[in-house]
Amino acid sequence: MRRALALALICLGLVLTGPARAQDDAGALAELLQDLLSDQGRSVRIEGFEGALSAQARARLITIADAEGVWLTLGGVEIDWSRSALLRRSLEISHLRADRIELHRRPLPDPGRLPSPEARAPFALPELPLAIAIDEVTTRSLVLGPDVLGERVEGEFQARARLADGEGQADLVLRRIDGREGVLQGAISFDNATQVLTLDLALREGAGGIVAGLAGVPERPEIALELQGAGPIADFSADLSLSSAGEARLTGGFGIGTEAGTGARVLTLAVAGDPSPLIPPEQRAFFGPETEIALGARLPAAGGIGLDHLRIASRQLSVAGALEIAPDGWPERIELRVDLADPEGALVRLPGPGRAVEVAALRLDLGFDAARDQGWRIGGTLEGLRHEAGTLGRLRLEGGGRIALDRPSGAGNTAEGRVVLIAEGIAMADPGLAEALGAEMRGEVDLAWRAGAPLSVPRIDLRGAGIALGGAVEIDTGGPTLEVGGTVLADVADLGRFSGIAGRPLGGSGRIAFGGQVSPFTGGIDGTLRVDAEDLALGQPEFDGLMAGPSRLEGTLRRDDQGIEISMLALESDALAATVAGRLATGAADLDAFVGLPDLGRLGPGYGGSAEARIAYRLLDGVATADVAAAGRDVSIGRSAELDGLLAGDSDLVLGATRSAEGLEIARFDLTTPSLSAVASGRITGAGSDFTGRFDVPDLGALGPGYGGALTLSARIANAEGTDRLTLEGEARDIALGTSALDPLLRGTTTLSLRAERDEGALRLETLRLAGPQFTAEASGSRQGRAVAHRDDGRACRPRGDPARHPGRGQPARRNRRMERHGDGEPVRPRAGRARCDAAGRCRGRDGAREPRAARHGECGACECVRGAGLAPGAGRVRSEPARRALGRGAGGRDLAARGARAQPRSGNRGRGRRGAHHPQ
């Protein structure tokens with residue numbers, strides 16, 4: 001409606017403005033039309049638009065696209081139209097031409113991947129502000145891509161329509177021009193004055209045509225379909241014929257007339273023939289050599305409907321029936337009998353696409369005649385149903401009751417009865433379905449209906465393997481849409497029966513109760529849901545622990561054309577209390593939630609303490625915000641004893657985040673415990689990310705025995721144009737790590753400063769500085785990749801150190817006692833020995849073997865040492881006498897010229913900053 005009104009205003013504006021600005025405004029108008037015609041999942045583009053204010057408008061190219069690209073293209077479009085007609089509230093187009101129209105594929109469905117929160121409004125035709133008439137539409141080339149009808153089709157198209165002064169006429173011709181024979185012609189006209197209707201439709205296709213292919217006609221013969229009729233609408237009849245390969249298959253016709261004396265409208269249909277050649281061979285037995293369809297119906301002037309006779313007959317199927325419905329909608333007579341069986345006792349294969357469905361026999365009877373008595377009956381049996389999904393031994397339907405008609409008023413009409421359904425011998429091919437459904441099911445339904453009131457179903461009782469469904473509902477058909485209201489109860493004795501269907505282990509038992517109103521056609525809901533469960537388990541250890549014992553889910557919700565409103569939805573168990581309330585709509589949300597966990601130990605081993613959180617979520621105009629306020633006491637998660645120590649006592653967490661088209665922004669992250677204060681903020685956008693944070697640990701003793709002192713860190717992590725940058729500033733006071741060699745060095749105040757960046761695999765350490773009363777350490781450098789050894793299976797081994805540090809000189813590569821394997825991270829510990837790498841990067845062991853013993857021991861296979869740069873030479877210095885005593889006497893005051901100097905105290909490695917590193921003497 002919004003687009004139609006906007007287009008109408010645009011058209012009116014074009015008439016009222018002069019042609020002088022036509023060319024200047026053509027581009028702006030094209031953009032405006034593009035915006036109005038585009039929508040979520042659909043993008044319209046107009047190129048070369050001109051003549052906006054003249055009698056002839058042109059567009060060089062019009063395309064319509066979705067998420068996968070352009071699906072419709074119109075080229076060389078011309079429109080002849082009348083501007084003055086707009087003032088008469090009429091859009092008149094005398095001719096619409098297009099040089100080429102190409103439908104590349106079918107458009108994608110609406111992009112919503114989840115059901116819309118809004119219920120559908122009852123169907124109604126749109127109200128347009130303008131009357132629209134198009135006299136003629138032509139295109140010299142109409143192309144349908146292979147995804148549309150299964151093969152590429154090209155044709156020419158002409159159409160003409162006229163509606164004026166009570167007379168209407170429409171003609172169309174679609175002819176293939178791609179070398180295949182195919183013509184669709186149609187003409188229809190009607191005159192209000194004479195009440196004469198003329199109908200003439202004809203389709204002809206040569207062998208291998210589209211219609212035969214879509215219908216699955218074997219060998220795709222030539223097809224011809226004709227429908228012709230003419231005469232006054234009060235007594236109109238038309239003839240129908242369908243032929244293939246030049247022979248008639250079905251002939252007959254239909255008619256519309258008036259019954260003499262009563263004025264009732266009369267409808268007739270009669271078609272007969274041998275459709276077998278049009279049907280796949282395996283389904284021809286169903287129809288046989290002769291099939292007949294015939295019916296005669298009356299529509300009385302006072303209302304109601306009468307089906308005088310219905311007959312469908314083929315080799316294996318027989319349907320006969322009659323129906324009389326009074327003007328008040330109540331039945332006067334119902335007769336229906338269906339028999340399905342093979343005359344020779346073979347299984348009957350039901351016609352239709354897809355997997356074969358076979359039955360041994362089917363019989364159904366339904367009867368009621370108010371002229372005879374008030375009783376109605378229904379009975380039927382289905383025997384031997386077979387499908388690849390499973391089999392059904394027997395299905396029985398039995399029912400009956402009474403219909404009391406209060407004539408002539410009809411005000412006291414009543415109907416009641418019971419229907420029983422029994423299924424036996426259920427054997428599903430899928431083990432999960434077989435376990436869930438069992439071998440037998442039984443259902444009973446009571447019915448009651450009174451004139452002017454909804455249809456009542458006072459009792460529903462359906463029972464199967466461990467499942468019981470009951471309740472009472474009312475079905476109201478008096479409004480604009482179908483409404484079902486009442487209460488439905490479902491009891492499940494063992495959810496484990498559904499593990500196979502769910503694909504995960506389920507457990508527990510439960511009862512589900514729903515009371516309220518449902519609109520099946522629109523999807524509207526207004527009701528209350530309650531689920532009571534015992535030991536509910538979904539195969540997720542943490543959730544299962546929370547739901548052990550009794551649990552309950554209860555809530556009230558409403559779904560209409562404005563969205564979903566949750567008045568309150570609560571989930572409770574001994575270890576969990578959670579609630580949510582608010583509204584959901586397309587592109588909008590306003591939700592508030594609470595989660596309380598009084599005993600985190602129920603989550604599993606290692607967990608402990610208690611926690612609760614309040615969450616507010618908002619979504620508006622594409623911007624989503626979430627605010628979280630959480631509190632805990634003695635929280636432990638069992639992942640790290642040190643982390644659990646930091647979380648001991650009372651803790652508080654505040655989080656504020658926003659997500660939009662630009663990216664994610666963490667406006668606030670604030671975690672406070674007696675032993676930790678952490679504050680962070682930042683954002684992630686398409687251009688990169690930038691996060692800053694500050695961490696204060698006033699007493700490292702909370703980490704555990706041996707720890708002590710205080711620590712403060714400030715950090716910034718940023719990424720821009722593919723470059724990661726890290727800045728770290730810290731201060732420690734009287735740090736103790738439980739190491740006798742290092743703890744004396746860390747007494748007093750120690751400062752840390754680090755600046756580094758990584759770009760395309762290259763690591764650059766701009767500065768690393770540690771300074772305290774007892775020592776100072778500095779380092780800088782860069783690293784370009786790694787030295788690796790590749791396996792035959794594609795994984796690689798990387799020795800610590802650099803085995804190809806001096807290629808070409810046969811420099812021995814001292815093997816460390818540990819080698820890291822890339823891919824699975826499993827450490828490989830080689831035997832003692834040396835391996836040499838030559839200029840080509842080949843490695844050999846002491847015995848000259850191609851595969852070093854170290855590689856063989858690690859099962860590296862066909863190991864190849866690849867020259868890669870480690871940390872490039874930089875500068876490093878460790879100074880002060882306490883540091884010299886801790887690291888070794890040769891280290892005092894010495895510059896460490898190595899690949900990224902590292903100060904690592906090692907006993908028996910005096911004068912070296914790293915085992916195996918080479919230093920000038």
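This is a predicted model: local features need pLDDT of at least 70, side-chain atom pairs count only at pLDDT 80 or more; totals for chains, interfaces and linings use all residues.
Residues are numbered from 1 along each chain as its sequence is written, and side-chain values use heavy atoms, with hydrogens and water left out.

**Figure 1. The aromatic pair of Phe-236 and Phe-254.** A search of the whole structure finds 3 aromatic pairs. Rings of Phe, Tyr and Trp (its six-membered ring) pair if their centres lie within 6.5 Å; planes under 30 degrees apart count as stacked, over 60 as edge-to-face and the rest as tilted. Phe-236 and Phe-254 form a tilted pair, with 6.4 Å centre to centre and 50° between the planes. Phe-236 belongs to strand β12 (residues 236-244) and Phe-254 to strand β13 (residues 247-258), so the pair ties together parts that are 18 residues apart in sequence. Strands (E, at least two residues) are DSSP runs, numbered from the N terminus. Phe-236 is buried at 2% relative accessibility, whereas Phe-254 is partly exposed at 28%. Here buried means under 20% relative accessible area, exposed over 50%, and partly exposed in between (1.4 Å probe, protein chains only).

**Figure 2. The aromatic pair of Phe-286 and Phe-287.** The geometry of this pair is edge-to-face, with 5.2 Å centre to centre and 75° between the planes. Phe-286 has a relative accessible area of 8% and is buried. Phe-287 also counts as buried, at 19% relative accessibility.

**Figure 3. A nonpolar surface patch of Leu-172, Leu-174 and Leu-184.** Together these three leucines have about 200 Å² of accessible area, calculated by the Shrake-Rupley method with a 1.4 Å probe, and for residues only the protein chains shown count as cover. Patches are made of residues with over 30% relative accessible area and no salt bridge; nonpolar side chains (Val, Leu, Ile, Met, Phe, Trp, Tyr) are joined within 5 Å, and like charges within 9 Å. Leu-172 lies in strand β8 (residues 167-176) and is partly exposed, at 35% relative accessibility.

**Figure 4. The salt bridge between Arg-58 and Glu-50.** The whole structure contains 60 salt bridges, each defined as a side-chain nitrogen of Lys or Arg within 4 Å of a carboxyl oxygen of Asp or Glu. In this view, the side chains of Arg-58 and Glu-50 meet at 3.0 Å, N to O. Arg-58 is partly exposed, with a relative accessible area of 28%, and Glu-50 is partly exposed at 33%.

**Figure 5. The salt bridge between Arg-418 and Asp-446.** The closest N and O atoms of the two residues are 2.6 Å apart. Arg-418 is in strand β24 (residues 414-428) and Asp-446 in strand β25 (residues 441-450), so the pair ties together parts that are 28 residues apart in sequence. Arg-418 counts as partly exposed at 39% relative accessibility, whereas Asp-446 is buried at 14%.

Figure 6. Asp-724 lies in strand β42 (residues 723-737) and Arg-758 in strand β43 (residues 749-759), so the pair ties together parts that are 34 residues apart in sequence. Asp-724 is partly exposed at 27% relative accessibility, and Arg-758 is partly exposed at 47%.

Terms used:
Helices (H or I, at least four residues) and strands (E, at least two) are DSSP runs, numbered from the N terminus.
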